[in-house]
Amino acid sequence: MHYIEVEKLAFHYQDEPVLENISFEVDPEDFVMLTGENGAAKTTLLRNILGLLKPSKGSVRLSPKNRLGEKLVVGYVSQQIASFNTGFPSTVLELVQSGRYQRGKWFKRLDKDDKEHVRRSLESVGMWEMRNKKIGELSGGQKQRIAIARVCAADPDLFILDEPTTGMDVQSREEFYKLLRHNSMEHGKGILMVTHDHEEIRHYASKHIELVRKEDSPWRCFSMDSCKELSKPHS
Amino acid sequence: MEMFFYGFMQRAFQASFLISLIAPILGLFLILRRQSLMADTLSHISLAGVALGLLIGVNPTWTNLLVVIVIATLLEYLRQIYRTYSEISIAILMSAGMSLALVLMGINDGGATLSMTQFLFGSIVTINEQQVWLLFVLTAIIGLLYLVFRKPMYVLTFDEETAFTAGLPIKMMSILFNILTGVTIAVIMPIVGALLVSAIIILPAAISLRLSKSFNGVILIGIVIALLGMLSGLAISYEIGTPPGATITLILMIIFAAISLIKYSLRHIQLERLYKKSDAS
């Protein structure tokens, strides 16, 4: 069973081809790192997977169920998530709690279990003490952390993360990767993460996908151990 | 106290009270969704709706509601097209609404011009029983919707992509929210006037946004501020014979200025104490 199944995906912005012939899968227990130079359309690929953009060719399938047969819960942290409106009237706690809403709590009160998840997520990013602060008063790095705490609180089956470690120091990054690896190995989560820092993460990730391209052609999939099909030369 | 003996003043106070309850709720979402100007656009559109009603001889309330609902739906599509410059859709429709209203008025010149001014500047004497009831029903609906859909709306206003990946029907929610805003504006426009309707919706929330750190807090404080501004503005406008919409807006502006000043001074005093402490130690 695949959580994400991308098959021969191509994507064009108007007439400009940006992605071509991309195929790979992300399964439960996979910790996949997605890399590529600046401008390699990594975010565009994520957005196609999430359904925020429609592929021009090929297909993306997100499994409707998780490995236990329940509805699949997706947790997404976008690149700009931390640049939210500074005036947004919410405390840190409220924001992280909102991660629990998608677990059937849109119209119900949060229970003990929900609150426990929220507390642990905040603690894991070291922000529990700050829970009553207004989110607009936090620094960039702190905003990043509560965005991560929010997604962890949702306890998703599949994490889709777009450069979540931007602005973190080396130590926090290592801790974050450890946390993710623990989540994939012990709890069977699937993880797809766009990142720049190849070297440090190599010990933690289980698969590596790199977007590469030849001169003047769209980005294609190239992988050490996961992409099935290497692209043919651009015609 | 004599103003309370007049039926039209009683209705005006009832209407103001109800508007104070809904304005901060809509205002907060409009501000956070960066659509503060949408209220302005819809009020101009709403003017065209009224002009249309007067032209074809149908009760303008109904044509107004119809036109505003259609445009509020269209707004969401325009917002999608100009995603990064969502104010373009607002600018386009604002001028379209205003010109349409003026052209329709031109076709229908004569008696209608007089009632048009009432819609532009608002007139408390025009409020009738039916409007108060309409407003009452609308307030009940908005209050209920807020209580039920508070959490989905929180996530939607925080970040639309996050809301989408959490499985919310974001397009539908946006359209329904626009329609609700449109209907509210169509209902309160004849009371406060097309030119100031957006100020009355946006200002209370804009002020209370600086005073509270939670969603519910902003709305509750917003309601208090709206009540303060609307009721005192109405009383003053009666006493000195100024247009109510404009009087209310000015009072809200004064509250805004006063709160900014107080916040600024408090901060200043705090900083000063902090410096003194660090000097002493």
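## Before you start

This is a predicted model, so to speak a computed one: local features need pLDDT of at least 70, side-chain atom pairs count only at pLDDT 80 or more, and totals for chains, interfaces and linings use all residues. Residues are numbered from 1 along each chain as its sequence is written, chains are lettered from A and ligands numbered from 1 in the order in which they are written, and side-chain values use heavy atoms, with hydrogens and water left out.

## Where the chains meet

Let's start with the interface. On the chain B side, 24 residues are in contact with 29 residues of chain A (contact means heavy atoms within 4.5 Å). Together the two chains bury about 2,400 Å², and 64% of that is on carbon and sulfur atoms. Buried area here is the accessible area (1.4 Å probe) that two parts lose on being put together, summed over both.

How many salt bridges are there between chain B and chain A? The count is 1, where a salt bridge is a side-chain nitrogen of Lys or Arg within 4 Å of a carboxyl oxygen of Asp or Glu. Glu161(B) and Arg47(A) form a salt bridge, with their closest N and O atoms 2.3 Å apart.

## Who contributes on chain B

Helices (H or I, at least four residues) and strands (E, at least two) are DSSP runs, numbered from the N terminus. The elements of chain B giving two or more residues to the side that touches chain A are α1 (7–32), α6 (129–158), α7 (160–165) and α10 (215–240). The largest share, 8 residues, comes from α6(B).

Sorted by type, that side of chain B has 14 nonpolar, 5 polar and 5 charged residues. For this sorting, Ala, Val, Leu, Ile, Met, Phe, Trp, Tyr, Cys and Pro count as nonpolar, Asp, Glu, Lys and Arg as charged, and the others, Gly among them, as polar.

## A sheet in chain A

Now look at chain A, where an open sheet of 3 strands runs in the order β2-β1-β4 with antiparallel pairing. Two strands pair if DSSP finds at least two bridges between them. The edge strands, β2 (16–26) and β4 (57–62) of chain A, each pair on one side only.

Strand β1(A) (residues 4–13) pairs with β2(A) over 7 bridges; Leu9(A), for instance, has Ile22(A) as its bridge partner. These two strands form a hairpin with 2 residues between them, and Gln14(A) in the turn has a positive phi of about 50 degrees. Another 5 bridges join β1(A) to β4(A), where Ser59(A) is the bridge partner of Glu7(A).
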